[in-house]
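Visitor: I would like a close look at a single part of this protein. Please pick one element and show me how it sits among the others.

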Amino acid sequence: MIVRTTCLKCGQEQRINFGQVTFAEALAALNKIDVPGECPGGFHVELSGWSTLWQFGAALVLVYGAEAEQSAQVQGMLACAASYREQRKVVNRPEPELEVEAGRMAA
Ligand SMILES: [Zn+2]
C-alpha cells in the first residue's frame with residue numbers, strides 16, 4: 001500500500017510504500033529512515049529526521065487504522081506534526097492520503 005505524503009516544510013510530495021508489512025514492521029522501517037538527511041526534491045537538510053515533516057503518524061493511521069491510533073509512538077508523531085503545523089502556521093500542506101491507481105486503492 002502506498003501513501004502520498006507532503007513535506008510540511010517545503011511541500012514536496014513524498015511516497016511511502018508500505019507493501020504488505022505489519023504495523024510493527026512499518027514502524028521499525030520508518031524509524032530507520034527518520035534520520036538526518038536531505039528532503040528528496042525539496043532541497044533542505046534536516047538534522048532532526050522526517051517523522052514530523054513527512055507526517056509519519058497520519059500515514060500510519062491511514063494504513064493501519066486503530067492499531068496505529070492506539071500506539072503511544074504514533075500519538076506522539078501526530079502531536080508533533082500538529083504542533084509543527086500550529087507553530088509554523090502551515091495551512092496549505094495536505095494530509096497524507098492513500099495513492100489511488102486506476103480508480104482503485106493501490107495494493
Ligand atoms: Zn521538504
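Guide: Let us take helix 2 and begin with a helix partner. The axes of helix 2 and helix 4 come within 7 Å of each other and cross at roughly 130°. An angle over 145 would count as roughly antiparallel, and 65 to 115 as roughly perpendicular. The two helices are therefore oblique to each other. This is a predicted model.

Now the residues at that crossing. Helix 2 brings F56, G57, A58, L60 and V61. Helix 4 answers with V74, M77, L78 and A81. Sorted by class, this contact has eight nonpolar residues, one polar and no charged ones.

Next, the cover. Helix 2 runs over residues 56–64, and eight of its nine residues are buried. They are F56, G57, A58, A59, L60, V61, L62 and Y64. Helix 2 is thus mostly covered. Several elements do the covering. Among the helices, they include helix 1 (23–33), helix 3 (66–69) and helix 4 (72–88). Among the strands, they include strand 1 (2–6), strand 2 and strand 5 (97–98). Just after helix 2 comes G65, with a positive phi of about 55°.

As a rule, strands of a sheet pair through backbone hydrogen bonds, either parallel or antiparallel. Here strand 1 and strand 2 pair in the antiparallel sense over five bridges.

Is R15 buried or exposed? R15 counts as exposed, because it has 10 C-beta neighbours inside 10 Å and the cut-off for exposed is 12 or fewer. Leaving aside neighbours within four places in sequence, R15 is in contact with I2, R4 and E99. R15 and W54 are 39 residues apart in sequence, yet their C-alpha atoms are 9.6 Å apart in space.

Two loop residues deserve a glance. Most residues other than glycine have a negative phi. F43 has a positive phi of about 60° although it is not a glycine. It sits in the loop between strand 3 (37–38) and strand 4 (45–46). F43 is exposed, with 9 other C-beta atoms within 10 Å. K89 is not a glycine either, and has a positive phi of about 55°. K89 is found in the loop between helix 4 and strand 5. It is exposed too, with 7 other C-beta atoms within 10 Å.

Finally, step back to the whole chain. The protein has four helices and seven strands. Along the sequence they follow the pattern β-β-α-β-β-α-α-α-β-β-β. The radius of gyration is 13 Å, close to the 13 Å that the globule rule gives for 107 residues, so the protein is as compact as a globular protein of that length. The C-alpha trace spans about 35 × 30 × 25 Å along its principal axes. Of the 107 residues, 25% count as buried. Take the contacts between residues at least 6 apart in sequence: 61% of them join residues at least 24 apart.

Definitions and conventions:
Residues are numbered from 1 along each chain as its sequence is written. This is a predicted model: local features need pLDDT of at least 70, side-chain atom pairs count only at pLDDT 80 or more; totals for chains, interfaces and linings use all residues. A residue is buried if 20 or more other C-beta atoms lie within 10 Å of its own, exposed if 12 or fewer, and partly exposed in between; C-beta atoms are placed from the backbone. Two residues are in contact if their C-beta atoms, placed from the backbone, lie within 7 Å. The radius of gyration is taken over C-alpha atoms; the globule rule is 2.2 Å times the number of residues to the power 0.38. Two strands pair if DSSP finds at least two bridges between them. Axes are lines fitted to C-alpha atoms, for helices over the stretch in contact, and angles run from 0 to 180 degrees between N-to-C directions. Angles under 35 degrees count as roughly parallel, over 145 as roughly antiparallel, 65 to 115 as roughly perpendicular and the rest as oblique. Ala, Val, Leu, Ile, Met, Phe, Trp, Tyr, Cys and Pro count as nonpolar, Asp, Glu, Lys and Arg as charged, and the others, Gly among them, as polar.
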